[in-house]
Amino acid sequence: MAHTDGTVSITVNGEHKRVVAGLTLAQLATEMGLVPEKVAVERNLEVVPRSTLAQVCVEDGDDLEIVHFVGGGDHPVAGGGGGHLGAVDADTWTVAGRTFRSRLIVGTGKYKDFAQNAAALEASGAEIVTVAVRRVNVTDPNAPMLTDFIDPKRYTYLPNTAGCFDADSAIRTLRLAREAGGWDLVKLEVLGEARTLYPNMRETLKATEVLVREGFKPMVYCVDDPIAAKQLEEAGAVAIMPLGAPIGSGLGIQNQVTIRLIVEGAGVPVLVDAGVGTASDAAVAMELGCDGVLMNTAIAEAKEPVMMAAAMRAAVEAGRLAYRAGRMGRRRYADPSSPLAGLI
């Protein structure tokens with residue numbers, strides 16, 4: 001019911017506001033300096049289809065969440081990715097029916113600014129970027145947006161659930177992400193606690209099952225456990241993403257044996273997610289037979305992020321080629337490279 005002054009009281013992203021009664025959600029977004037086509041709206045815990053924003057009116061007591069993508073497309077980028085070698089260019093990989101050339105996925109958080117992020121992305125050759133779903137800045141609607149620098153029509157946005165510590169919040173986040181961008185290919189991570197950022201596998205499996213039933217295609221961050229990985233695959237995960245080391249640690253691949261076991265037992269792509277610190281770590285992940293590597297901090301916190309992005313691109317390509325070539329066997333003793341026959 002409207003107040004005597006013809007207004008209604010609502011809450012938008014945690015802030016209380018009074019607005020004119022009868023205002024539609026699209027009009028509300030416009031009045032706040034937002035573009036309705038670039039945001040997703042949740043009203044009283046229910047996602048409002050973007051196609052109805054111009055018809056749905058705010059009501060007294062409404063609790064609204066308005067979100068968009070921040071640093072944290074359905075088709076591979078034309079002319080991007082790939083690699084420097086023809087053998088790599090021809091070596092594509094497929095997830096959820098979508099084929100890509102670059103096996104490097106990069107994040108969009110921790111950069112100095114969006115311009116540096118975009119430059120590093122270009123140097124990396126990546127075709128997929130992870131993005132976080134966050135509330136829009138209602139106090140400064142003119143603040144730069146990620147989509148202004150990284151074109152979702154050129155790159156495949158992979159919405160993720162970074163910062164979610166239970167299945168319900170992860171599911172809610174991805175429902176909003178789908179409304180905001182229309183993507184069903186998503187990255188699911190449900191964390192156990194803040195110190196290690198290790199995944200909570202019980203909540204992760206629960207969220208995976210719900211998301212799959214709702215038509216999502218989740219690429220799932222998990223522990224380096226072959227049994228847990230197989231359970232996620234059976235639940236409908238389209239890719240398994242075991243950690244190499246704790247998120248943001250830069251410790252490198254600490255668990256080569258278990259990651260190799262996951263690769264050998266998986267019927268879906270396996271990508272190392274978290275722990276990469278430098279180019280050799282990315283090469284190791286690829287030499288284990290992983291389909292790709294996802295990283296953010298290793299590039300964003302390098303002294304020269306754009307240069308490091310180029311190094312990571314080369315390392316992923318080199319590691320993949322080495323895996324395909326098949327390394328020599330390990331020996332306990334020396335074996336001379338030069339033939340002994342005819343020795344003077």
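Helix 7 has a face turned away from its buried side, and that face carries the exposed residues Val-257 and Glu-264. This is a predicted model.

Helix 7 spans residues 256-265, and its buried residues are Ile-259, Ile-262 and Val-263. Viewed down the helix axis, these buried residues fall within an arc of 100°, so they line one face of the helix. What do they pack against? Their partners are helix 6 (226-235), strand 13 (239-242) and strand 14 (271-273).

Now step back to the whole chain. It has ten helices and 15 strands. Of its 344 residues, 50% count as buried. The chain exposes about 16,000 Å², and carbon and sulfur atoms supply 53% of that area.

Next comes the interior. In soluble globular proteins, nonpolar side chains tend to be buried together. Here the largest nonpolar core has 68 residues. Those with the most contacts inside this core are Val-129, Ile-150, Ile-240, Val-276, Met-295, Ile-299 and Met-312. Which helix gives the most to this core? Helix 4, residues 167-181, does, with seven residues.

Met-295 deserves a look of its own.

Aromatic rings come next. The structure holds three aromatic pairs. One of them joins Trp-93 and Phe-100. Their ring centres are 5.8 Å apart and their planes meet at 40°, so the pair is tilted. Are these two residues buried or exposed? Trp-93 is buried, because its relative accessible area is 3%, under the 20% cut-off for burial. Phe-100 is buried too, with a relative accessible area of 0%.

Another pair is formed by Phe-114 and Phe-149. This pair is also tilted, at 5.6 Å centre to centre and 40° between the planes. Phe-114 lies in helix 3 (residues 114-124). Phe-149 lies in the loop between strand 9 (128-135) and strand 10 (156-160). The two residues are 35 apart in sequence, so their pair ties together separate parts of the chain. Phe-114 is partly exposed, with a relative accessible area of 21%. Phe-149 is partly exposed as well, at 40%.

Rings also meet charges. Arg-178 lies over the face of Phe-216, at 3.8 Å from the ring centre. Lys-187 places its charged end over the ring of Tyr-221, 5.8 Å from the centre of that ring.

The last stop is Leu-321. Where does Leu-321 sit? Its place is in helix 10, residues 305-325. Leu-321 counts as partly exposed, because its relative accessibility is 23%, and buried residues must be under 20%. Along the chain, Leu-321 and Met-286 are 35 residues apart. Their C-alpha atoms are separated by 8.6 Å.

Technical notes. Residues are numbered from 1 along each chain as its sequence is written. This is a predicted model: local features need pLDDT of at least 70, side-chain atom pairs count only at pLDDT 80 or more; totals for chains, interfaces and linings use all residues. Side-chain values use heavy atoms; hydrogens and water are left out. Rings of Phe, Tyr and Trp (its six-membered ring) pair if their centres lie within 6.5 Å; planes under 30 degrees apart count as stacked, over 60 as edge-to-face and the rest as tilted. Buried means under 20% relative accessible area, exposed over 50%, partly exposed in between (1.4 Å probe, protein chains only). Helices (H or I, at least four residues) and strands (E, at least two) are DSSP runs, numbered from the N terminus. A charge sits over a ring if NZ of Lys or CZ of Arg is within 6 Å of the ring centre and within 35 degrees of the ring normal. The arc is that of the directions from the helix axis to the C-beta atoms. Contact means heavy atoms within 4.5 Å. A nonpolar core is a set of buried Ala, Val, Leu, Ile, Met, Phe, Trp, Tyr and Cys residues joined through side-chain atoms within 4.5 Å. Accessible areas come from the Shrake-Rupley method with a 1.4 Å probe; for residues, only the protein chains shown count as cover.
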